[in-house]
Amino acid sequence: MKFGTIGAGAVALAFAREALATGHEVVLSRRRGPDSLAGKVAELGHGASAATVEKAANLDYVLLAVPWPNVEDALRGLPAWNGRVLIDATNPFIEYSPKLVLADLGGKGASEVVAGLAPGARVVKAFNSIVTARFNEGPMKNGGRRVIFVSGDHQDPTDFIKSVIESFGFVAVYLGGLASGGRLQQAGGPLAGRDLVDFGTL
Ligand SMILES: NC(=O)c1ccc[n+]([C@@H]2O[C@H](COP(=O)([O-])OP(=O)(O)OC[C@H]3O[C@@H](n4cnc5c(N)ncnc54)[C@H](OP(=O)(O)O)[C@@H]3O)[C@@H](O)[C@H]2O)c1
């Protein structure tokens, strides 16, 4: 698969490293344009490239990894989604310092808000609940495999993202659709930021 990313910060780069290591291609994008990503692309190596946001977002699977206050701007004016898949890794923080402050979503789930800003996209929520330092540390912890949660309303892309997560070595746990499962894993939800580990069987 050739994945696009909107955003090329900590989360997108952590995802890109794993995706490239498992044989995928990744096209990174960010506001400052593709030329600003030359160093990152060289560092990531074979299979990595950079493009405009419009081009990266025109691929079949696109990771959204921008700060919450920038989500609306990042999704504005992109090519029609027409069923292409938006992997929502965002969390609805509007402030990080001196303390974390969550956005008021008016009772909506964060990925439902994202889906509303990307009409026609099949949204799968994933990679938002794992702190990037742990993602970079890798799937193994104390002899078990770390869990990454997935929520979505469309079976094929949700299954595909689960298989991608498993191929990275993590355990993919499906929590249900965006409205219910998404709320469990988004920042402020009961499963947000938890470093759960599956030890398999005896
Ligand atoms: N860090 C974590 O541990 C973690 C874990 C899970 C989920 N998350 C969530 O994932 C999202 C990304 O976090 P991060 O830590 O990767 O952030 P980050 O390191 O600050 O990177 C943000 C990226 O978004 C890009 N960006 C901002 N506005 C944009 C726009 N309008 N169009 C295109 N690109 C834009 C920035 O590019 P420019 O520099 O060009 O503006 C930058 O590459 C956030 O919603 C965060 O809550 C974070």
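This passage walks through the ligand site of a predicted model and then a handful of residues in its loops.

A quick word on the ground rules comes before the details. The model is predicted, so local features need pLDDT of at least 70 and side-chain atom pairs count only at pLDDT 80 or more, while totals for chains, interfaces and linings use all residues. Residues are numbered from 1 along each chain as its sequence is written, and side-chain values use heavy atoms, with hydrogens and water left out.

The space it takes is the largest pocket. Here a pocket is an open set of points on a 1 Å grid over the protein atoms alone, where a 1.4 Å probe fits, with protein on both sides within 12 Å along at least five of seven lines. A molecule sits in a pocket if more than half of its atoms lie within 2 Å of the pocket's grid points. There are 26 residues around the ligand, and A8, V11, R31, R32 and V66 come nearest; to be near, a residue needs one heavy atom within 4 Å of the molecule. Two helices, α1 (10-21) and α4 (71-75), each supply at least two residues of this shell. Helices are DSSP runs of H or I with at least four residues, strands are runs of E with at least two, and both are numbered from the N terminus.

Some polar contacts (pairs of N or O atoms within 3.5 Å; within protein, one must be able to donate a hydrogen and the other to accept it, and residues adjacent in sequence count only if both atoms are side-chain atoms) show up here too. A polar backbone atom of V11 is 2.8 Å from an oxygen atom of the ligand. The side chain of R31 has an N or O atom 2.9 Å from a ligand oxygen, and a polar side-chain atom of Y96 lies 3.1 Å from an oxygen atom of the ligand. On its own the ligand has 900 Å² of accessible area, and the protein covers 82% of that, going by the Shrake-Rupley method with a 1.4 Å probe.

Next come two loop residues. N91 is in the loop between β5 (85-88) and β6 (93-95). It counts as buried because its relative accessibility is 16%; buried means under 20% relative accessible area, exposed over 50%, and partly exposed in between (1.4 Å probe, protein chains only). Leaving aside neighbours within four places in sequence, N91 is in contact (heavy atoms within 4.5 Å) with W68, N128, Q186 and A187.

H24 is found in the loop between α1 and β2 (25-28). H24 is buried as well, because its relative accessibility is 14%. Outside the four places on either side in sequence, H24 is in contact with M1, F3, A19 and V164. For M1, the backbone nitrogen lies 3.2 Å from a polar atom of the H24 side chain.

The peptide bond from S97 to P98 is cis, with omega near 5 degrees, and P98 is in the loop between β6 and β7 (101-102). N82, in the loop between α4 and β5, has a positive phi near 45 degrees without being a glycine. N82 counts as exposed because its relative accessible area is 72%. N142 also has a positive phi, about 50 degrees, although it is not a glycine.

Definitions and conventions
On a 1 Å grid over the protein atoms alone, a cavity is a set of points where a 1.4 Å probe fits but cannot get out, and a pocket is an open set with protein on both sides within 12 Å along at least five of seven lines; lining residues have an atom within 4 Å of a point.
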